Amino acid sequence: MLKRNPRAASWLALRGDVLQQAGRRDDARKAFNESLAALESLTPTLRRTQANAELERQVREALKQLENPRKD
């Protein structure tokens, strides 16, 4: 159902955030990757919107943080 929703990338990114906060790193990584895939499936015009470009930046940053967690 999410794949048919035009806002799938946003929902998947939000899911990734929640899972990351819950300490479910593998599930969060999967959701973030699905969000990127949803963004990449958009038409070029939709993908270049400011909102989608910012979402992509945030998702890529979240994935980067998952790969290199801080050691506080």
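Is Arg-60 buried, partly exposed or exposed? Click on Arg-60 and you'll find a partly exposed residue, with a relative accessible area of 41%. Here buried means under 20% relative accessible area, exposed means over 50%, and partly exposed is in between, using a 1.4 Å probe and protein chains only.

Before moving on, a word on what you're looking at. This is a predicted model, where local features need pLDDT of at least 70 and side-chain atom pairs count only at pLDDT 80 or more, while totals for chains, interfaces and linings use all residues. Residues are numbered from 1 along each chain as its sequence is written, and side-chain values use heavy atoms, with hydrogens and water left out.

**The whole chain**

Zoom out and color by secondary structure. (Helices are DSSP runs of H or I with at least four residues, strands are runs of E with at least two, and both are numbered from the N terminus.) Of the chain's 72 residues, 28% count as buried.

**Back to Arg-60**

The term means a side-chain nitrogen of Lys or Arg within 4 Å of a carboxyl oxygen of Asp or Glu. Both residues lie in helix α4, 4 residues apart, or about one turn of the helix. Glu-56 is buried, at 15% relative accessible area.

**Two helices side by side**

Select residues 25-40 (α2) and 50-67 (α4): their axes come within 10 Å and cross at roughly 150 degrees. That makes α2 roughly antiparallel to α4, a label for angles over 145 degrees. The axes are lines fitted to C-alpha atoms over the stretch in contact, and angles run from 0 to 180 degrees between N-to-C directions.

Next, show Arg-29 and Glu-67, whose side chains meet in a salt bridge of 3.0 Å, N to O. Arg-29 lies in α2 and Glu-67 in α4, so the pair ties together parts that are 38 residues apart in sequence.

**One more salt bridge**

Pick Arg-24 and Asp-27, which pair up at 2.8 Å, N to O. Arg-24 is partly exposed at 43% relative accessibility, and Asp-27 is partly exposed at 32%. The structure holds 7 salt bridges.

Notes: Angles under 35 degrees count as roughly parallel, over 145 as roughly antiparallel, 65 to 115 as roughly perpendicular and the rest as oblique.
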